[in-house]
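Have the structure open while you read.

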Amino acid sequence: MKKQICIKKPSQTKIIATMGPACTSKDVLRKLFIEGVDLCRLNFSHGSYEDHYKSMQLIWELNEELGSNVAIIADLQGPKLRIGEVENNHVDLVEGEIVEFICSKPFVGNAKKLYMSYPEFPNDVKVGETIMVDDGKLRFEVTKTNKKNTVAARVLTSGVLSSKKGVNLPDTKISQPCMTPKDIADAEFALEHNVDWIALSFVRNASDIIELKNLIRKKKKNAGIIAKIEKPEALLEIDEIIDATNAIMVARGDLGVEVPFDRVPLIQKDIIKRCIAMGKPVIVATQMMESMITSYSPTRAEVNDVANAVLDGADAVMLSAETSVGKYPIHVIQCMQQIIDYTEKNGYCFNRQHAPDEFNRTFVPDSLCNNASVLANQTKASAIVVFTHSGYTAFRISSHRPSAPIYAFTNNKNILRKLSLLWGVRAFYMDTNDHIEKAIDHSISFMKKTKFIKDDDIIVHVGSAPFNKKGQTNMIQLSYV
């Protein structure tokens with residue numbers, strides 16, 4: 001078993017940092033790892049393959065040097081709609097004026113005509129529907145479409161429009177597939193380099209996930225899928241999407257534009273609750289510490305936002321521009337970790353039991369995981385040790401949010417970093433043992449050496465007997481150290 005260095009006492013809630021110019025230095029990234037980063041996000045909306053590969057190499061090198069298992073998330077752009085370049089990089093739009101969105105060849109736009117990157121736009125929109133640009137700062141109402149290449153719209157809010165701003169269509173059903181040709185190429189690149197998770201943008205229904213699943217299967221890779229919830233259509237099939245994917249991201253940026261902003265807090269809480277009940281990790285993302293892109297201190301509203309995500313039970317909270325281009329990438333991680341630590345210590349609701357579905361084919365392992373969490377709580381166990389090959393048992397134990405730390409031991413190197421997303425889970429590689437007794441002894445010996453446990457502690461072990469039976473969790477054992 002390879003010794004893993006304990007960088008610092010980890011929190012149960014994980015931190016995701018987005019890579020970018022502000023943290024491409026190895027020294028900076030090392031400090032981010034030490035301060036609490038559990039996963040690194042590569043945003044494929046920006047940067048070249050060369051840039052992303054350099055980031056991957058840094059992450060791998062630091063994992064080797066620190067003995068950590070920081071995971072890599074490849075975040076696909078998805079069918080993001082944008083306007084093109086505009087004159088002088090900004091134009092003034094006046095309320096009541098008519099603007100044409102043209103979807104033919106790219107051109108430099110002005111206050112009367114703008115290039116739209118989506119060729120099916122004139123076919124998809126209807127008169128009376130709303131167009132929102134630049135995260136909703138500018139709003140338009142469709143007045144006419146020729147169903148070919150031009151849409152006319154009335155400006156509803158005056159303002160300055162810059163080049164290449166994003167477009168949201170909250171009233172429109174987009175015909176473009178969830179995965180664009182760019183997304184497929186990006187996913188293939190990411191899989192070729194064995195990323196741990198792939199985030200799929202603008203998921204609308206469970207079937208959107210199938211294409212990416214098939215690509216991962218075709219490439220014979222083990223990456224998990226994170227379905228990003230950004231569209232109102234996704235909320236209508238949220239249970240089916242949670243069931244079909246491996247994890248969920250509440251991507252509040254586009255979601256807050258596509259649905260009325262006042263609904264986002266309760267949508268976030270509802271999705272987190274559903275994910276916990278279904279044993280799927282859930283991430284809260286976007287604008288969590290936005291002011292710290294330029295400010296040394298977070299706003300009190302941001303502190304409350306992070307703390308509330310923790311209290312809701314999110315597996316992870318995510319930083320975007322704060323670490324990718326912000327002025328204080330290390331300090332923002334320190335601040336976020338400080339909020340998480342205090343909130344977990346003083347206000348967190350542990351032991352969130354949810355009974356397994358008796359009609360589910362995984363009823364037996366689900367029931368064992370539920371009972372292991374209850375047993376750990378009743379005995380005030382110092383740790384829950386999970387032996388897993390696929391990672392499923394760790395997913396289920398984590399979903400019960402036990403107060404005891406969860407340590408996952410696996411002989412499958414492909415899932416080590418993947419498990420870094422799970423609430424409360426720390427993963428370690430362990431060579432295959434023929435007998436469950438030997439595995440238990442090895443885990444206890446390792447954890448004593450690393451000072452995760454001490455003499456007289458109570459440990460709950462969960463695994464399978466015989467030990468080499470994969471996918472058949474059937475054993476709980478209570479041990480005194």
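Arginine 352 sits over the face of tyrosine 348, 4.7 Å from the ring centre. Lysine 413 does likewise with tyrosine 429, at 5.0 Å from the ring centre. To count, NZ of Lys or CZ of Arg has to be within 6 Å of the ring centre and within 35 degrees of the ring normal.

A quick word on the ground rules: this is a predicted model, where local features need pLDDT of at least 70, side-chain atom pairs count only at pLDDT 80 or more, and totals for chains, interfaces and linings use all residues. Residues are numbered from 1 along each chain as its sequence is written, and side-chain values use heavy atoms, with hydrogens and water left out.

Now the rings themselves. Searching the whole structure turns up 18 aromatic pairs (rings of Phe, Tyr and the six-membered ring of Trp, centres within 6.5 Å; planes under 30 degrees apart are stacked, over 60 edge-to-face, the rest tilted). Phenylalanine 428 and phenylalanine 446 have ring centres 5.0 Å apart and planes at 65°, so they are edge-to-face. Phenylalanine 428 belongs to strand 20 (residues 425-429) and phenylalanine 446 to helix 15 (residues 436-449), so the pair ties together parts 18 residues apart in sequence. Helices (H or I, at least four residues) and strands (E, at least two) are DSSP runs, numbered from the N terminus. Phenylalanine 428 is buried at 1% relative accessibility, and phenylalanine 446 is buried at 8%; buried means under 20% relative accessible area, exposed over 50%, partly exposed in between (1.4 Å probe, protein chains only). Ring pairs link both into a cluster with Phe387, Tyr407, Phe409 and Phe452.
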